[in-house]
Each structure stands twice: as structure tokens, then as C-alpha cells.
Amino acid sequence: MDSESMLINSAGSIACGIFSVIMIFFFIGLPTYNSQDNNLTVIKGSRPYKLYITETDSSNPHPDFYISRKESQFSSIITQAADKHDVDPALVRAIIMAESAYNPMATSKKGAVGLMQIMPQTAATLGMEDMYNPVHNINAGVKYLKKLLNQFGGDLELTLAAYNAGSTKVMEYQGVPPYKATRHYVEEVFKYYRHYQGA
């Protein structure tokens with residue numbers, strides 16, 4: 001009877017020991033979470049996440065940082081198109097920011113497409129092949145912008161108003177059309193233009 005009790009006690013001790021070891025490894029293996037920590041690492045992998053979610057830079061969490069990362073993808077295209085048509089690249093960047101926030105797949109309710117939000121009929125007159133292709137879109141947009149700058153004698157305010165509302169409306173009103181959206185657009189582009197000139 002004593003030997004049987006000893007065997008039962010030994011088996012129980014071994015089972016308790018194994019259980020304890022398993023629990024220790026389980027708790028040690030879990031990552032600690034600190035509610036104060038906002039810089040938790042997101043594991044990278046083949047996920048349908050946007051770049052800024054999987055590669056967050058905690059040193060600069062401001063949303064503008066993520067826009068600038070998008071901008072860098074199109075920087076060389078913008079520079080080449082601006083040089084080709086003799087337009088300030090800072091102005092091109094400002095227009096793209098106001099038009100599409102650097103989303104090459106942007107499409108407006110009125111049908112404007114791509115980074116520089118070009119209307120299909122304008123794209124046709126400019127000979128643009130692929131409206132969503134950043135190279136085609138930016139080159140066509142800058143070409144159109146240069147045309148407007150020449151048409152309005154380099155007057156940037158009228159040029160931007162024409163880019164938004166159409167040159168016919170600018171000529172009809174002999175200035176910036178009294179449309180809230182157009183006036184807001186002109187102000188926005190000027191704001192971004194000053195930013196890019198400073199940068």
C-alpha cells in the first residue's frame with residue numbers, strides 16, 4: 001500500500017512538474033505589451049497593407065511624411081517633365097498634391113484621371129496614351145499647364161483657375177471664376193507651391 005501511494009505521489013509530482021515547465025515557457029514566450037508603447041513593430045510580409053502601415057517610421061509620424069514617400073516615387077518623372085516644358089517642378093508637385101494627393105489611380109466624379117487629374121477630352125488633345133500611367137499623365141499635365149501659362153501670359157492665379165475650371169470660364173469672367181471650389185483650389189495650390197519652393 002505504501003509503495004502504491006509513493007508511485008501515485010511520484011506520478012503526480014512529475015505531472016505537476018511538466019505542467020509547470022510548460023506554463024513557464026508559455027508565459028516567457030509571450031511578448032510583453034506596454035500600453036504606453038506606441039511603436040509596436042508590425043511584422044512585414046505578403047499582406048495587402050499599404051507601405052506606410054508596414055514600414056512606419058516612428059521618428060516622423062506626421063501624415064505629411066507618408067505623402068512625401070509617395071512623392072519620391074514620381075520625383076524623377078516630375079523633374080524631367082518640368083525641364084522639358086520649362087515649368088517650375090515645385091509648381092507641378094503642388095498641383096499633383098492638390099489634385100490627387102499623389103494617388104496615380106485617382107478618378108474624380110467628373111471623370112478627371114490620374115496624378116494630375118486630366119479630363120479624357122484634354123487627354124485626347126494632348127495625345128496621352130494611358131491616362132493612369134504616371135509618366136504619360138504627368139507629361140501631359142505639365143504640357144497642358146505650360147499651354148495655360150502661355151495663354152494667360154504667365155499669370156499663375158489665372159492659369160490655376162483655368163486648370164481647375166477651364167480656360168473658357170476664366171475668359172468669360174475675366175478672372176478667377178466665382179466658384180467656391182475653384183477659389184479654394186487656387187489657394188490650396190499656392191499653399192503647396194510655397195511649401196515646395198521652401199523645400
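This is a predicted model: local features need pLDDT of at least 70, side-chain atom pairs count only at pLDDT 80 or more; totals for chains, interfaces and linings use all residues.
Helix α7 spans residues 156-165. Seven of its 10 residues are buried, so α7 is largely enclosed by the rest of the structure. The buried residues are Leu 156, Leu 158, Thr 159, Leu 160, Ala 161, Ala 162 and Tyr 163. These residues pack against four helices: α4, α6, α8 (167-173) and α9.

Helix α9 covers residues 180-198. The axes of α7 and α9 lie 9 Å apart and meet at an angle of about 125°. The crossing of α7 past α9 is right-handed. On the α7 side, the contact is made by Leu 156, Glu 157, Leu 160, Ala 161, Tyr 163, Asn 164 and Ala 165. On the α9 side, Ala 181, Thr 182, Tyr 185, Val 186, Val 189, Phe 190 and Tyr 193 take part. Sorted by class, the contact has 11 nonpolar residues, two polar and one charged.

The largest nonpolar core contains 44 residues. Within this core, Leu 91, Val 92, Ile 95, Ile 138 and Tyr 163 touch the most other members. Several helices contribute. At least two core residues come from each of α3 (63-85), α4 (89-100), α5 (120-126), α6 (134-151), α7 and α9. Val 92 illustrates the contacts made beyond four places in sequence. Its partners at that separation are Ile 78, Ala 82, Val 87, Met 116, Val 142 and Leu 145.

Two further residues were considered. Gly 141 sits in helix α6. Its relative accessibility is 0%, so Gly 141 counts as buried. Gly 141 and Ile 95 are 46 residues apart in sequence, and their C-alpha atoms are 9.5 Å apart in space.

His 85 belongs to helix α3. Its relative accessibility is 17%. This value is under the 20% cut-off, so His 85 counts as buried. Setting aside neighbours within four places in sequence, His 85 contacts Asn 139, Val 142, Lys 143 and Lys 146. Val 142 is also a contact of Val 92.

Technical notes:
Residues are numbered from 1 along each chain as its sequence is written. Side-chain values use heavy atoms; hydrogens and water are left out. Axes are lines fitted to C-alpha atoms, for helices over the stretch in contact, and angles run from 0 to 180 degrees between N-to-C directions. A crossing is left-handed if the near helix is turned anticlockwise from the far one by less than a right angle, and right-handed if clockwise. Contact means heavy atoms within 4.5 Å. Ala, Val, Leu, Ile, Met, Phe, Trp, Tyr, Cys and Pro count as nonpolar, Asp, Glu, Lys and Arg as charged, and the others, Gly among them, as polar. A nonpolar core is a set of buried Ala, Val, Leu, Ile, Met, Phe, Trp, Tyr and Cys residues joined through side-chain atoms within 4.5 Å. Buried means under 20% relative accessible area, exposed over 50%, partly exposed in between (1.4 Å probe, protein chains only).
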